[in-house]
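Hello,

Here is the structure you asked about. Please open it first, then read my notes below.

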Amino acid sequence: MNPFVIGIAGASGSGKSTLANDLLVTLNRAAPDRAVALPLDAYYRDLSHLSFDQRDRMNFDHPDALELELVGEHLKALRSGHPVEVPVYDFSTHTRTAEFQPLPTADVVIVEGILALADPMLTALYDLTVFVDAPLDLCLARRIVRDQQERGRDEDSVKTFWFERVLPMFEAFVMPAKSLADVTVDGTAAASEGVGLILGQLNATRAD
């Protein structure tokens, strides 16, 4: 097996997670167990050695917040046909749990995350790079809804976090990948459109 690895990045709230999930479902509907997902969010560094206040002040949108070396090791293992154990991260405490999620290798491996295209070491392991592009005001609006519903944050705190951390890190580490991506997907369109673009690229590459 020689897995086809797809890296999907974009701003927080751009629609990249929805795209990655729809792509995963579509591939596995056509052929069960054909694809697996490797979420970059699972690889945040364990901060259990810090107090909660110290953890909460960390910049989680900077590449240093992620153990990208481990992501690279796991991708190399998957490409070699070996399963891996993906960390399980607890976002409520900013720590890793003692559990792991077994991930088998598959024909297609989908890597998704804000910083999925920010490190040359990772992009060298991808067969296809995808950038999900959406207006930043829409991304912020989506982030407000998500953080209010899933993380109990109020709108003012989400906006403060966005302008102080998320937006500067997006401009420094995420946006530059747009011009280098193989495929740019419209984050305002139906996810099915992006899935179609990616499948077209995948099938064309495999046919070469």
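Among contacts in the chain between residues at least 6 apart in sequence, what percentage join residues at least 24 apart? The answer is 75%. Bear in mind that this is a predicted model.

Overall fold first. The chain has 7 helices and 7 strands. Starting at the N terminus, their order is β-α-β-α-α-β-β-β-α-β-α-α-β-α. The radius of gyration is 17 Å, close to the 17 Å that the globule rule gives for 208 residues, so the chain is as compact as a globular protein of that length. Its C-alpha trace spans about 50 × 35 × 30 Å along the principal axes.

Next, burial and surface. Of the 208 residues, 44% count as buried.

Now the aromatic rings. The whole structure holds 2 aromatic pairs. Tyr 44 and Phe 60 pair edge-to-face, 5.7 Å centre to centre, with 85 degrees between the planes. Tyr 44 sits in the loop between β2 and α2, and Phe 60 in the loop between α2 and α3, 16 residues apart. Both Tyr 44 and Phe 60 are buried.

The rings of Tyr 44 and Tyr 89 have centres 5.5 Å apart and planes at 45 degrees, so this pair is tilted. Tyr 89 lies in strand β3, so the pair ties together parts 45 residues apart in sequence. Tyr 89 is buried too, with a relative accessible area of 9%.

Best wishes

How values were computed: Residues numbered from 1 in each chain as written. Predicted model: local features only at pLDDT ≥ 70, side-chain atom pairs only at ≥ 80, totals over all residues. Heavy atoms only, no water. Helix = DSSP H or I, 4+ residues; strand = E, 2+ residues; numbered from the N terminus. Rg over C-alpha atoms; globule rule 2.2 N^0.38 Å. Buried < 20%, exposed > 50% of the residue type's maximum accessible area, 1.4 Å probe, protein only. Contact = heavy atoms within 4.5 Å. Phe/Tyr/Trp six-rings, centres within 6.5 Å; stacked < 30°, edge-to-face > 60°.
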